[in-house]
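Please read each point with the structure open beside the text.

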Amino acid sequence: MAFSQQKAHTSYLDLNYFRGNIALHNNDILHLIQGHPEGYILSWNKKTYGFNDWEQRFNYPDYGVTYVYQNLKNDVLGTVASLYAHYNFYFLNRNVMFRIGQGLAYAENPYDKVNNYRNNAYGSNIMSSTMVMLNYKKERLIDRFGLQAGFSLIHYSNANVKAPNGSTNSITFNLGVTYNLNDEEPEYQHTLADNDSKFTQPIKYNLAFRSGINESDIVGSGQFPFYVFSAYVDKRINRKSALQLGADVFFSNFLKELILYRSVAFPEDGVSGDEDYKRVGVFAGHELFVNRISLITQFGYYVYYPYDFEGRAYLRIGLKRYIGENRKWFGAMTLKSHGAKAEAVEFGVGVRL
């Protein structure tokens, strides 16, 4: 008990080798699928034991930092190094671990119109990356050492910050070792009230502003800023979740250039060049609250859509970070897409009233 009072967390390392395949999610990257990508995943993890209520609600997750090095086994794609912030969630008596991480990647050999024109997957050196891992795991099998094995998905994309952006998804098998950095661990806390899941909160009103830069799929068409204004309401249905309903107004300047380009280059398409580049959408969404960080998922539909670009339906997924004691203000980083086709990475700020 003395240990648990003095130290609320312990930490461990895990190192995994992985090997797999690039999934064919888009026929445009068929020529890039040649060998079997391989690499390693190195992570530092901090364990939680329920000294904060949110840790008990999510079955005592870990959180930490992950570094991934991947050789795509293709001279066109080269190698990619990436760094993530991650959470580990546990199931089946803590034998199954689900890790999700979000971060940035550096591509050694991106597209170049002269020297590497075949690389239509990575249009820039810096990309966003998402990593998902599902492992069977046993810690402390031999002293501080343990084993884990399972499957990992590693996604690289620059989200149309710069064209081209075919992106890749590596589906791999991983095998690794864990090493606990502490001799002892505190006991898991079980202090939540029986009625903890019962939680009510008035409807909240949210305002958000998002921005960034992106480019159309026309290579060399130029990068332009975009601006998104959002207003929505949310209603907490329990400690973990809230439902959302709202509207977005999009000012996407890359569409101005794309509309003009298509009116000149493809007059047979019937684009006059005078079409409005603005769009208005309505959306329904969900917010998952994990301490000060939350995961948002929103499904939208354009109700004002003067120019046809990738269809009327859109998806937004990303993270929010609440600021201050009253958790009223927030920052956000989200990905907006049309199905599997990314349009933009959005950086935003907002207020929840």
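Predicted model: local features only at pLDDT ≥ 70, side-chain atom pairs only at ≥ 80, totals over all residues.

1. In which strand does Ser-241 lie? Ser-241 lies in strand S11, residues 241–252, where helices (H or I, at least four residues) and strands (E, at least two) are DSSP runs numbered from the N terminus. At 11% relative accessibility Ser-241 counts as buried, given that buried means under 20% relative accessible area, exposed over 50%, and partly exposed in between, with a 1.4 Å probe and protein chains only. Leaving aside residues up to four places away in sequence, Ser-241 touches Lys-235, Arg-236, His-286, Glu-287, Leu-288 and Phe-289, a contact being heavy atoms within 4.5 Å.

2. Residues are numbered from 1 along each chain as its sequence is written, and side-chain values use heavy atoms, with hydrogens and water left out.

3. The barrel comes next. Eight strands form a closed barrel in the order S1-S2-S3-S4-S5-S6-S7-S8, with antiparallel pairing, where two strands pair if DSSP finds at least two bridges between them. Neighbouring strands of this sheet are turned by 25 degrees against each other on average, direction ignored; the axes are lines fitted to C-alpha atoms, for helices over the stretch in contact, and angles run from 0 to 180 degrees between N-to-C directions. Strand S1 (residues 10–22) and strand S2 (residues 38–47) run antiparallel and are joined by ten bridges, and Asp-14 stands opposite Ser-43 in S2. In general, strands of a sheet pair through backbone hydrogen bonds, either parallel or antiparallel.

4. A nonpolar patch on the surface is formed by Leu-15, Tyr-40, Leu-42, Tyr-69, Leu-141, Ile-142, Phe-145, Leu-147 and Val-177, which together have about 830 Å² of accessible area. The elements that give two or more residues to the nonpolar patch are S2, strand S6 (126–142) and strand S7 (145–157). Patches are made of residues with over 30% relative accessible area and no salt bridge, like charges being joined within 9 Å and nonpolar side chains (Val, Leu, Ile, Met, Phe, Trp, Tyr) within 5 Å; accessible areas come from the Shrake-Rupley method with a 1.4 Å probe, and for residues only the protein chains shown count as cover. Val-177, one of the patch residues, lies in strand S8, residues 168–180, and counts as partly exposed at 39% relative accessibility.

5. The structure holds 21 salt bridges, each being a side-chain nitrogen of Lys or Arg within 4 Å of a carboxyl oxygen of Asp or Glu. One of them joins the side chains of Glu-139 and Lys-47 at 3.1 Å, N to O. Because Glu-139 lies in strand S6 and Lys-47 in strand S2, the pair ties together parts that are 92 residues apart in sequence. Glu-139 is partly exposed, with a relative accessible area of 21%, whereas Lys-47 is buried, with a relative accessible area of 5%. The side chain of Glu-139 also meets that of Lys-137 in a salt bridge of 3.3 Å, N to O, and Lys-137 is buried at 3%. A network of salt bridges links Lys-47, Asp-62, Lys-137, Glu-139, Arg-140 and Glu-185.

6. Strand S9 (residues 204–214) pairs with S16 in the antiparallel sense over six bridges, and Phe-209 has Val-349 as its bridge partner in S16. Strand S15 (residues 329–338) pairs with S16 in the antiparallel sense over ten bridges, with Val-345 in S16 as the bridge partner of Leu-335. S15 and S16 form a hairpin with two residues between them, and Gly-339 in the turn has a positive phi of about 65 degrees.

7. Arg-352 forms a salt bridge with Asp-234, the closest N and O atoms being 2.8 Å apart. Since Arg-352 lies in strand S16 and Asp-234 in strand S10 (residues 224–236), the pair ties together parts that are 118 residues apart in sequence. Both Arg-352 and Asp-234 are buried.

8. Lastly, Tyr-314 has its place in strand S14, residues 313–323, and counts as buried at 3% relative accessibility. Tyr-314 and Phe-51 are 263 residues apart in sequence and 39 Å apart in space, C-alpha to C-alpha.
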